[in-house]
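Good morning, everyone, and thank you for coming. Please take a moment to look at the model on the screen before I go through it.

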Amino acid sequence: MKRRSRLEDEIFKKLSLKIEALDIEGTLEEVERALSEKIPPYEILRQGLSPGMDRIGQRYERNEYFLSELALASHIMKRTMDLLNPYFEASKKGCLGRFLIGTVKGDLHDIGKNIVSTMLTGAGFEVYDLGIDVPDEKFLKKALEIQPDFIGMSSLLTTTMLNMKSVIKLLQEDGIRDKLKIFVGGAVVTQSFADEIGADFYAKDAIECTQKARNWIEMKKGGTSL
Amino acid sequence: MEPLERFLTAARMEEPDEVPIALLTSARFFSRLYGIKIFRFFHDPKMMLEATLHTMERFPDIVFFPGLWADYGIVVEPSAFGSRMYWPVDFVPYVKGDLLKNPEEIRDLEIPDPKTDGLMPFVLESIHYIQKRAPKGFKYLYAVARGPFQVASYMRGPTEFLVDLRVRPDVAQRLIDVCTETTVEWLKAQLEVIDDPIGIFVPDDVASFLSPGLFEKFGLPAYKRIFSEFDGLLKVYHNDADSTHILHLLSQCGFHVFNFSPATDIGVVKEWIGQKVCLMGNVDPVNVMLRGTPETIEEECKRCIQIGGPGGGYILSLGGGPSMETPEENIEIMIRAAKKYGRYPVETSRR
């Protein structure tokens with residue numbers, strides 16, 4: 001395995017601190033610097049951005065950051081991904097896994113789902129975000145196309161949360177349910193509801209979702225356990 | 001005491017004879033109980049009135065808040081700015097698309113005219129209709145307007161709005177200012193046509209997405225502006241997001257009643273602002289009222305009463321409106337729990 005140079009270490013450290021401090025321009029500058037030093041994009045994500053995003057999550061849990069800060073972090077991640085994306089096509093190596101995500105049909109809430117998307121991206125997952133008000137069939141169609149490791153569904157309304165169940169049913173009928181893991185979340189969703197509809201994981205927020213998805217991948221690879 | 005008198009006594013931070021119960025007026029719940037599609041509720045003031053009266057008469061021990069209400073859902077204010085609305089048959093209307101995709105457009109944004117813009121004139125007309133036809137004993141009491149943060153996030157998009165607060169603070173401030181004045185003007189327009197108003201109701205969940213620093217900068221001045229108006233009226237604020245981190249600031253805003261959800265711990269709310277503001281909450285509308293057992297519902301109502309009730313200034317309620325499919329029996333359990341545990345002096349409990 002290639003040893004990291006002192007320069008790479010310095011860039012990763014700075015990048016991590018810049019994004020943790022929610023410094024938009026500083027983060028983008030460090031990403032550009034890393035790319036100019038020919039550091040692979042997934043290394044930039046995993047060694048630089050991901051530790052910074054983890055610390056943002058920790059600060060959220062300690063009530064130092066709030067939704068407004070997570071939304072800003074999400075915005076910064078989106079902008080860094082705009083810089084990194086052209087380089088990803090050349091090398092998909094290093095991706096933790098594929099995560100298909102969306103807010104279920106009839107529901108237009110997007111803040112939490114967007115934050116989950118960017119946290120997962122920051123952790124090194126390849127995220128396919130279907131957006132809001134996603135029909136059941138669209139989850140299935142995209143899952144058949146990209147073969148994700150996870151599907152994540154969000155709902156903030158009691159009237160729409162049952163659509164999560166119908167998506168799972170559709171995946172079962174098509175025979176791909178057991179080939180992936182299903183996450184559910186959103187204000188009205190609970191662990192008992194997740195159990196009831198046959199989801200694999202419930203996550204109360206983006207931080208928990210990222211941790212659980214990462215733990216699952218590591219466990220599958222035979223690494224650290226849950 | 002009559003239920004409304006009990007409610008108003010608690011709102012004045014006093015002890016009534018027993019803890020009052022209030023549930024938010026809910027088009028979804030009312031439509032279901034009356035056996036009509038939600039679409040019909042919104043599109044026919046006659047149905048709106050009949051479905052509301054049906055539920056109010058079905059549960060006379062409960063104060064439905066704001067009670068008689070020309071409710072056209074969350075789309076009223078955004079519609080007045082020109083947002084695109086979506087009206088499903090079996091669901092409440094919602095705003096589709098973000099009107100202000102380009103933040104620069106915010107600079108030219110103007111305060112709507114309630115007499116002519118969007119759904120506002122329909123609401124005013126429906127207030128006339130409902131007042132004229134309401135039977136004896138039922139009055140139209142409150143003006144309702146969504147708060148500036150809710151409206152701003154509908155128009156700009158919730159994530160974009162939150163990002164603007166840091167990235168383009170001057171533009172965000174302009175949007176908040178316009179939305180704040182809209183809330184004020186819209187409340188005033190309704191108060192002009194309500195015969196004998198007793199209060200205003202301002203729901204605004206998005207404010208709690210802000211950090212304490214951002215809320216102090218943007219939220220506090222906006223709310224102070226709104227609640228410094230309307231002297232002599234009861235001012236009720238609803239926010240069902242987790243508000244723990246801004247409670248100390250919310251208590252400075254000038255409203256009298258705070259309706260909050262289980263996302264914010266009732267013990268913490270009572271301790272921090274319960275001496276200053278009447279608390280209305282916070283039984284979980286989904287996990288307790290919709291999906292709970294008779295035992296868990298009674299236990300949770302008892303817990304809320306014993307934390308919120310002591311000393312007065314407390315109204316037993318849900319954190320948000322009742323879910324559409326809430327069983328009527330579960331509401332009966334809530335009423336019985338209020339009678340059983342809510343008689344003053346209320347037994348004290350620590351969480």
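What distance separates the centres of domain 1 of chain A and domain 2 of chain A? Taken over C-alpha atoms, the two centres are 24 Å apart. Before I go on, this is a predicted model, in which local features need pLDDT of at least 70 and side-chain atom pairs count only at pLDDT 80 or more, while totals for chains, interfaces and linings use all residues. Residues are numbered from 1 along each chain as its sequence is written, and chains are lettered from A and ligands numbered from 1 in the order in which they are written.

In chain A, domain 1 covers 6–88 and domain 2 covers 98–220, with bounds that come from an automatic or database domain assignment. Between them, 17 residues of domain 1 of chain A are in contact with 11 residues of domain 2 of chain A, where contact means that the C-beta atoms, placed from the backbone, lie within 7 Å. On the domain 1 side, helix 3 (41–61) and helix 4 (67–88) of chain A each supply at least two residues, and the largest share, nine residues, comes from helix 3 of chain A. Helices (H or I, at least four residues) and strands (E, at least two) are DSSP runs, numbered from the N terminus.

Turning to chain B, six strands form an open parallel sheet in the order 5-6-7-8-9-10, where two strands pair if DSSP finds at least two bridges between them. Strand 5 (142–144) and strand 10 (314–318) of chain B each have a single partner strand, so one side of each is left without a neighbour in the sheet. Strand 5 of chain B is joined to strand 6 (residues 199–203) of chain B by three bridges, and B:Ala143 has B:Ile200 as its bridge partner in strand 6 of chain B.

Definitions and conventions
Contact = placed C-beta atoms within 7 Å.
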